[in-house]
Amino acid sequence: MSNVYVMDHPLIQHKIGFIRRQEVGSKDFRAIVSEIAMLMCFEATRDLKLQDVEITTPICPTVAKELEGKKLAIIPILRAGLGMVEGMLQLIPAAKVGHIGLYRDPETLNPVEYYCKLPADCDEREVFVVDPMLATGGSCSAAIELLKAKGVKKIRFLCVIAAPEGVARMQKEHPDVDLYIGALDDHLNDHGYIVPGLGDAGDRIFGTK
């Protein structure tokens, strides 16, 4: 089964508590989602492999550590996932960025792909799929299925808030994908919104309704 990591860092919890407030405007919401993504990226990259490298400091030669040539990619699920990209790039600026666009068919309720642009060597990279909300898990599961079809083997998923229903679906359909979650909420309501949640993340990031 996939490993599920629910963040317990006080700064992450504090910032999530702030953006849950309905009076928080788009400017602050957008900035803090980016900060949360940066803090979560710090946790999600904890097990990246290191290698020794010989360097010279202003004092003397020594052996330092650097990432072991690992190629990374950040893939936001459009549109809300865009709000997490810049924060992650603050920590891993060499990562390439792709985009996956999905919408829910109003009749079947199944996710439909409308855009996909990935790094050419995406199958050689460790991929971080990002979306602020994991609700039913439909879009996330479809995005990861698309990546696997293109040969991507190492995938991690990061979200700010998740519902148990979405986590259960991901564990069932993609047990090989590690899930990094800022806060695990109570349930989904009849409209598919996470409770207590924070509303529609895309609308709050971009100021739309």
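**Ground rules.** I am working with a predicted model, in which local features need pLDDT of at least 70 and side-chain atom pairs count only at pLDDT 80 or more, while totals for chains, interfaces and linings use all residues. Residues are numbered from 1 along each chain as its sequence is written, and side-chain values use heavy atoms, with hydrogens and water left out.

**Helix α4.** I looked up α4, residues 138-149, taking helices as DSSP runs of H or I of at least four residues and strands as E runs of at least two, numbered from the N terminus. I then listed its buried residues (buried is under 20% relative accessible area, exposed over 50%, partly exposed in between, with a 1.4 Å probe and protein chains only) and found Gly138, Cys140, Ser141, Ala143, Ile144, Leu146 and Leu147. Just after α4, I noted that Gly151 has a positive phi of about 95°.

**Binding-site annotation.** UniProt, in an unreviewed entry, places a "binding site" at residues including Arg79, Arg104, Asp131, Pro132, Gly138 and Asp200; its positions are given in the numbering used here, feature names are shortened, and annotations may be inferred rather than shown by experiment. Of the annotated residues, the lining of the largest pocket includes Arg79, Arg104, Asp131, Gly138 and Asp200, among others. For a pocket I use a 1 Å grid over the protein atoms alone and an open set of points with protein on both sides within 12 Å along at least five of seven lines, a 1.4 Å probe that fits but cannot get out marking a cavity instead; lining residues have an atom within 4 Å of a point.

Gly138, which lies in α4, is buried at 7% relative accessible area. Contact here means heavy atoms within 4.5 Å, and, not counting residues up to four places away in sequence, Gly138 touches Pro111 and Arg169.

Asp200 sits in the loop between β13 (194-195) and α6 (201-206) and is partly exposed at 30%. Leaving aside neighbours within four places in sequence, Asp200 contacts Arg79 and Tyr193, and its side chain reaches the backbone nitrogen of Gly202 at 3.0 Å.

**Buried glutamate.** I next checked Glu126 in strand β8 (residues 126-130), which is buried at 3% relative accessible area. A polar contact of 2.4 Å joins the side chains of Glu126 and Arg156; the term covers N or O atoms within 3.5 Å, where within protein one must be able to donate a hydrogen and the other to accept it, and residues adjacent in sequence count only if both atoms are side-chain atoms.

**Aromatic pair.** A search of the whole structure gave me 1 aromatic pair, rings of Phe, Tyr and Trp (its six-membered ring) being paired if their centres lie within 6.5 Å, with planes under 30 degrees apart stacked, over 60 edge-to-face and the rest tilted. The rings of Tyr5 and Tyr180 have centres 4.8 Å apart and planes at 15°, so I record the pair as stacked. Because Tyr5 is in strand β1 (residues 4-6) and Tyr180 in strand β11 (residues 178-184), the pair ties together parts 175 residues apart in sequence. Tyr5 is partly exposed at 34% relative accessibility, whereas Tyr180 is buried at 4%.

Technical notes: The expected span of a helix is 1.5 Å times one less than its number of residues.
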